[in-house]
Amino acid sequence: MNKKVRFAVAFATILAVMFGIGVTVAFLIASSKPVINTFTIGDIQLSLSETTGDKYRLVPGTTVSKDPTLTVKAGSDACWLFFVIDASADLDNYVVYTPAAGWKSVPGMQDAYYRQVEKTDTDIAFPLLQDDAIYVKDTVTEEQLSAIKTAPGLAFTGYAVQKVELATVEEAWRALFGAEVADR
């Protein structure tokens, strides 16, 4: 073989090796475009309203208009919705009330109710009392009413927790209050 042929073979070999290294280096340093993930925070917005006021007269045998309404606001995630009634100890001596249709009693709890609400794009209002009323017992006497030293009271509080991964009302209650259902 003559020098020119050897030189050409050597040069071709060197070029092939450099090309191979160059491709390998290019392969090792290649990158992709980023994949961007955006996370939003779940949201539940509630409002509790009542249009009938906050002071009521107890007159035996009468119906008292009372319309507490819990509203899940537009854009809220699917949730477990609760309301709790806090009544003064003696109120049940004078009045009777029933939760509105669609509310279920929280197992093991007194005066705590729940329902499931799907994700909503509009406000959804849920009345809390059947017929938007409480009923003063007709068995209440004037003497009983006159003997009241501290006016009996009735309060409503609404709560909600995202439904994601909470399969039961007990799990939802624990997520809200950090306690077993019967511990409230």
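How many bridges join S6 to strand S7? There are two, and S6 and S7 (residues 112–117) run antiparallel. Keep in mind as you look around that this is a predicted model.

**The overall picture**

The protein's secondary structure comes to three helices and 10 strands. Walk along from the N terminus and the elements go α-β-β-β-β-β-β-β-β-β-α-β-α. Of the 184 residues in the protein, 27% are buried. If you take the contacts between residues at least 6 apart in sequence, 77% of them join residues at least 24 apart. The accessible surface comes to about 12,300 Å², and carbon and sulfur atoms account for 57% of that.

**The four-stranded sheet**

S6 and S7 belong to an open sheet of four strands, ordered S6-S7-S4-S10 and paired antiparallel. Strands S6 and S10 stand at the edges with a single partner strand each, so one side of each has no neighbour in the sheet.

| Element | Residues |
|---|---|
| Strand S6 | 104–105 |
| Strand S7 | 112–117 |
| Strand S10 | 154–162 |

Pro-107 is in the loop between S6 and S7. Its relative accessible area is 38%, so Pro-107 counts as partly exposed. Pro-107 and Val-169 are 62 residues apart in sequence, yet their C-alpha atoms are 8.3 Å apart in space.

Notes. Residues are numbered from 1 along each chain as its sequence is written. This is a predicted model: local features need pLDDT of at least 70, side-chain atom pairs count only at pLDDT 80 or more; totals for chains, interfaces and linings use all residues. Side-chain values use heavy atoms; hydrogens and water are left out. Two strands pair if DSSP finds at least two bridges between them. Buried means under 20% relative accessible area, exposed over 50%, partly exposed in between (1.4 Å probe, protein chains only). Contact means heavy atoms within 4.5 Å. Accessible areas come from the Shrake-Rupley method with a 1.4 Å probe; for residues, only the protein chains shown count as cover.
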